[in-house]
Amino acid sequence: MQILEDLYLGDIRPNERFFKRNSQYAKALDDVVKVGDTLTASLNEKEKKLFENYMDAQREVTVLTDCETFCYAFKLGAKIMLDVLTEGQMREI
């Protein structure tokens, strides 16, 4: 089971993603950075600190959401494979 060893040893990192520079994601991320820079440039120090706290809280929510989504998708994929391999005999798992 090479894939399990790779996952255990950290050779597979589901939380790391790579994207192409000209992809839709890259363009959207660039827009987020530009708008964020424009916004923070217009804030005073107290407002910048508040916005930074907001962004930290938002990152935490994103990490938790991504983890939950990964776990759900992994389990769903496993259930699909079990259903395929058992030809529908393992319906209640």
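Colleague: Which elements does the chain have, and in what order do they run?
Modeller: This is a predicted model. The chain has three helices and zero strands. Read from the N terminus, the order of the elements is therefore α-α-α.

Colleague: Is the chain spread out or a compact globule, and what is its radius of gyration?
Modeller: The C-alpha atoms fill a box of roughly 60 × 30 × 25 Å along the principal axes. For 93 residues the globule rule gives 12 Å, and the chain lies well over that, so it is more spread out than a compact globule; its radius of gyration is 20 Å.

Colleague: What share of the residues counts as buried?
Modeller: The accessible surface of the chain comes to about 8,900 Å², and carbon and sulfur atoms account for 61% of that surface. A residue counts as buried under 20% relative accessible area. Of the 93 residues, the share that counts as buried is 3%.

Colleague: How far apart are the centres of the positive and negative side chains?
Modeller: The chain has 13 positive side chains and 17 negative ones. The distance between the centres of the two sets is 5 Å.

Colleague: Are the rings of Phe51 and Tyr54 stacked or tilted?
Modeller: The structure holds three aromatic pairs, one of them formed by Phe51 and Tyr54. These two residues are three apart in helix 3 (residues 45-85), so about one helical turn separates them. Phe51 is partly exposed at 22% relative accessible area, as is Tyr54 at 47%. The ring centres lie 6.3 Å apart and the planes are at 25°, so the pair is stacked.

Colleague: What is the angle between the planes of Phe70 and Phe74?
Modeller: Phe70 and Phe74 are four residues apart in helix 3, so they are separated by about one helical turn. Phe70 is partly exposed, with a relative accessible area of 40%, whereas Phe74 counts as exposed at 55%. Their aromatic pair is tilted, with 6.1 Å centre to centre and an angle between the planes of 35°.

Methods:
Residues numbered from 1 in each chain as written. Predicted model: local features only at pLDDT ≥ 70, side-chain atom pairs only at ≥ 80, totals over all residues. Heavy atoms only, no water. Rg over C-alpha atoms; globule rule 2.2 N^0.38 Å. Buried < 20%, exposed > 50% of the residue type's maximum accessible area, 1.4 Å probe, protein only. Areas by Shrake-Rupley, 256 points an atom, 1.4 Å probe, with all protein chains shown as cover. Lys, Arg positive; Asp, Glu negative; His and termini not counted. Charge placed at Lys NZ, Arg CZ, Asp CG, Glu CD. Phe/Tyr/Trp six-rings, centres within 6.5 Å; stacked < 30°, edge-to-face > 60°.
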